[in-house]
Amino acid sequence: PTPGDRTAALRKMEILALESLPPPRLQPQASPPKPIHPKNAASSAPALRLTFTHEHFHAFELDYGSGPVYVFSAQSGAPGILTTYITLIAKPDFAGGLIPLYKNVTPANLLDYQPRMRLIDAVDATGSGRADLLFDLITRHSRQFALFRVQAGQAQEVFHTGQQ
């Protein structure tokens with residue numbers, strides 16, 4: 001793919017990620033917003049704009065001739081807003097859009113119980129000539145690994161290690 005193709009695919013993944021996120025929540029330690037008189041509410045309320053940091057975007061052809069599979073991960077947030085970790089796996093469709101295959105959304109306040117995902121690489125774990133996606137699953141106190149197979153329009157977890 002050309003650099004233009006990569007940029008276009010990244011933009012589509014960012015849009016899909018924004019659409020996949022829940023509405024922004026204030027951080028627990030943030031002070032509650034001050035009441036605004038209803039007459040001035042529209043003019044006084046600043047628009048919340050989430051941004052992504054620590055973005056990682058990868059495109060893989062997991063099987064010969066299978067077409068690209070995109071993996072996007074990032075942190076979202078804004079000042080005073082709870083950080084959320086997101087990882088998406090998607091494929092392009094014939095109309096130029098994206099077909100989401102898997103999403104993992106983890107708010108920072110749930111990292112004790114729900115892992116965030118970090119892509120390690122595409123690996124041929126079975127020696128079949130078809131690659132799978134290897135992820136790090138990270139909570140505050142543990143680390144696990146998971147292998148995802150992309151086929152038949154879905155991404156499925158096929159292997160998961162125990163806690164380390």
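Colleague: Which residue stands opposite Phe 159 of β8?
Modeller: Leu 147 stands opposite Phe 159 in β8. This is a predicted model in which local features need pLDDT of at least 70 and side-chain atom pairs count only at pLDDT 80 or more, while totals for chains, interfaces and linings use all residues. Residues are numbered from 1 along each chain as its sequence is written, and side-chain values use heavy atoms, with hydrogens and water left out.

Colleague: How many bridges join β7 to β8?
Modeller: Six bridges join β7 to strand β8 (residues 154-160), and the two run antiparallel. Strands here are DSSP runs of E with at least two residues, numbered from the N terminus, and two strands pair if DSSP finds at least two bridges between them.

Colleague: Which residue in that hairpin takes a positive phi?
Modeller: Ala 152 does, with phi near 55°, in a hairpin that has two residues between the strands. Gly 153 is also placed in the loop between β7 and β8.

Colleague: Is Gly 153 buried or exposed?
Modeller: Gly 153 counts as exposed, because its relative accessibility is 55%. The classes are buried under 20% relative accessible area, exposed over 50% and partly exposed in between, with a 1.4 Å probe and protein chains only. Gly 153 also lies 9.1 Å from Ala 90, C-alpha to C-alpha, although 63 residues separate them in sequence.

Colleague: What does β7 pair with on the β6 side?
Modeller: Strand β6 (residues 132-138) is joined to strand β7 (residues 143-151) by six bridges, again antiparallel. Phe 135 has Ala 146 as its bridge partner in β7, and Asp 136 stands opposite Phe 145. The hairpin of β6 and β7 has four residues between the strands.

Colleague: What is the strand order of the sheet?
Modeller: The order is β5-β6-β7-β8, an open sheet of four strands with antiparallel pairing. Its edge strands are β5 (116-123) and β8, each of which pairs on one side only. On average, neighbouring strands of this sheet are turned by 30° against each other, direction ignored; the axes are lines fitted to C-alpha atoms, and angles run from 0 to 180 degrees between N-to-C directions.

Colleague: Changing topic, how many bridges join β3 and β4?
Modeller: Nine bridges join strand β3 (residues 84-92) to strand β4 (residues 98-107), which run antiparallel. Ile 89 has Tyr 102 as its bridge partner in β4. Five residues lie between the strands in this hairpin, where Gly 96 takes a positive phi near 95°.

Colleague: What is the exposure of Pro 92?
Modeller: Pro 92, in strand β3, is partly exposed, with a relative accessible area of 31%. Leaving aside neighbours within four places in sequence, Pro 92 is in contact (heavy atoms within 4.5 Å) with Pro 68, Tyr 70, Gly 97, Leu 98 and Ile 99.

Colleague: And Thr 106, buried or exposed?
Modeller: Thr 106, which is in strand β4, is buried, because its relative accessible area is 0%. A polar atom of the Thr 106 side chain lies 2.9 Å from the backbone oxygen of Pro 115. Beyond neighbours within four places in sequence, the contacts of Thr 106 include Thr 83, Tyr 85 and Leu 111.

Colleague: What is the average pLDDT of the chain?
Modeller: The protein chain averages 85, and 83% of the residues score at least 70; pLDDT is the predictor's confidence in each residue, from 0 to 100. Over residues 33-46 the pLDDT is below 50, and this stretch has three contacts in the model beyond near neighbours in sequence. Where pLDDT is low, the predicted coordinates should not be read in detail.

Conventions: Polar contact = N/O pair within 3.5 Å; in protein donor to acceptor, adjacent residues only side chain to side chain.
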